[in-house]
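Reader: I have the sequence and the 3D view open, and I would like to go through them slowly. Could we begin with the words we need?

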Amino acid sequence: MTPVATFAGKTVAVFGLGGSGLASCHALKAGGAEVIACDDSADRMAEAARAGFITADLRTVSWAGFAALVLTPGVPLTHPQPHWTVLAARAAGVEVIGDVELFCRERKAHAPDAPFIAITGTNGKSTTTALIAHLVREAGFDTQMGGNIGTAILSLEPPRNGRVHVIEMSSYQIDLTPSLDPTVGILLNVTPDHIDRHGTLEHYAAVKERLVAGVQMNGTAIVGVDDSWCSKIADRLAQAGKRVLRISVEHPLADGLTIDGSRIVENAGGAQSVIVDLANIGSLRGLHNAQNAAAASAAVRALGVSLDVLQKGLRSFPGLAHRMEQVGYLGTTLFVNDSKGTNADAAAKALSSFTDIFWIAGGKAKEGGIAPLAGFFPGIRKAYLIGDAANDFSRTLEGKVPYEISVTLDVAVANAARDAAEAGLAAPVVLLSPACASFDQFRNFEIRGDRFRELVLALDGIKKI
């Protein structure tokens, strides 16, 4: 845990008592603050009370004595309208911050030079975060990984010299972190997302920009420049005097990291050097993972990690569960769990990474269906359709891709495994990338992915990866 001593002797309101909120309560109390905890859920209020915290309905108390409101990232700060706690805090002149802000203040007070890598982007940030943490560990650093990827930042060990914090940040968390100042800041991309919480794409992009704009003096801002938003952000950072390293997997760059075939190359002053060849690194297939790997490589190089250690670390990266996760081989057939592919855009990344695909798709449909994936249909040998979207998907595939309506994941896995084995192909792939949410048959995509893995590993003759 990271005790938050910067609020010692003060009273802090905490709203939202899930994982990060309760961690904030513990960290503030450990640092000497008094905490008043609140949540809309009576169960969470009771849990906080059992943990020894004062709980109260913040509608009924005076805000005059509060030094800050620590807000959970899931609560609206601005759109579609500010949460009532935000309005109450503003009326009382109380600052509204999040748990990452508490961490940043502790770091600034006690270990301002402690390495802090912060990662954001619409897509790819979890893989990039996990990859950076893996590489830093392989380099021998004391490594703490958390934030939006799962572990609340204040549940991690406190910042100190030689200890590296690798933190994934959503736009919601950035919005609540006014003094965000990483050693290395990474912005992978900006595409339309969370507009309901930010009002406009312009505001969403501006929030993302703050992560790299806040990079410390002598730090490094790493920006993927394959979308116009990020390209302009990189230019603004450079004009402001920041050290900017651009990354592109689509265009050549005079200076920065690009992709040459399967190789990540660094261009600087007309010279080009190879960072790593991603060929045969199964956990980093596809252009999207090439961007993730390039960003991670740039980040750890900024910390002084040697090229040899970097290359070995990339080759040993196991990947993230449910994200292009290689489960096993049955003969020459590779089984891939991409249960996180819950929309067409995400599924496109998986479909673009393979040929001779036996595709398991379906679930609770999202707007647009799979029509945007038509360009990948020639690589699909057969589709196995499950869940509520099966009939709609079949109409899109009719006459273009052979399919069956399997209804359940159990049937789809069995039939896809059989068909792939009988196809006589050199490298068939059974791919679960549903292009749908899971909620019709599974509580979340993790449970769906776990079930896929369980079914695959139960196949006779399977070789686990």
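Author: Two strands are said to pair if DSSP finds at least two bridges between them, and helices (H or I, at least four residues) and strands (E, at least two) are DSSP runs, numbered from the N terminus. This is a predicted model, in which local features need pLDDT of at least 70, side-chain atom pairs count only at pLDDT 80 or more, and totals for chains, interfaces and linings use all residues. Residues are numbered from 1 along each chain as its sequence is written, and side-chain values use heavy atoms, with hydrogens and water left out.

Reader: Which residue of β9 stands opposite Ile 119?

Author: Strand β6 is joined to strand β9, residues 184-187, by four bridges, and the two run parallel. In this pairing, the residue of β9 opposite Ile 119 is Ile 186.

Reader: What is the bridge partner of Ala 118 in β8?

Author: Four bridges also join β6 to strand β8, which spans residues 163-168 and runs parallel to β6. Within β8, the partner of Ala 118 is Ile 167.

Reader: Are the residues of strand β6 buried or exposed?

Author: Buried means under 20% relative accessible area and exposed over 50%, with partly exposed in between, for a 1.4 Å probe and protein chains only. In a regular strand the side chains alternate between the two faces of the sheet. In β6, Phe 116, Ala 118 and Thr 120 point one way, while Ile 117 and Ile 119 point the other way. Five of the five residues of β6, residues 116-120, fall in one class, so the strand is largely enclosed by the rest of the structure, and that class is buried.

Reader: Which strands are at the edges of the open sheet of five strands?

Author: The open sheet of five strands has the order β3-β2-β1-β4-β5, and its pairing is parallel. An edge strand pairs on one side only, and this holds for β3 (54-55) and β5 (95-97).

Reader: What is the relative accessible area of Cys 38?

Author: Cys 38 is found in strand β2, residues 34-38. Leaving aside residues up to four places away in sequence, Cys 38 touches several others, among them Val 14, Phe 15, Met 45 and Leu 58, where contact means heavy atoms within 4.5 Å. Cys 38 is buried, and its relative accessible area is 2%.

Reader: How are α5 and α10 oriented to each other?

Author: Axes are lines fitted to C-alpha atoms, for helices over the stretch in contact, and angles run from 0 to 180 degrees between N-to-C directions. Helix α5 (residues 125-138) and helix α10 (residues 287-302) pack at about 40°, with their axes 9 Å apart. Angles under 35 degrees count as roughly parallel, over 145 as roughly antiparallel, 65 to 115 as roughly perpendicular and the rest as oblique. The two helices, α5 and α10, are therefore oblique.

Reader: How many residues in the contact of α5 with α10 are nonpolar?

Author: Residues in this contact include Leu 131 and Ile 132 of α5 and Ala 293 and Val 300 of α10. Ala, Val, Leu, Ile, Met, Phe, Trp, Tyr, Cys and Pro count as nonpolar, Asp, Glu, Lys and Arg as charged, and the others, Gly among them, as polar. The contact of α5 with α10 has no charged residues and four polar ones, and the number of nonpolar residues is nine.
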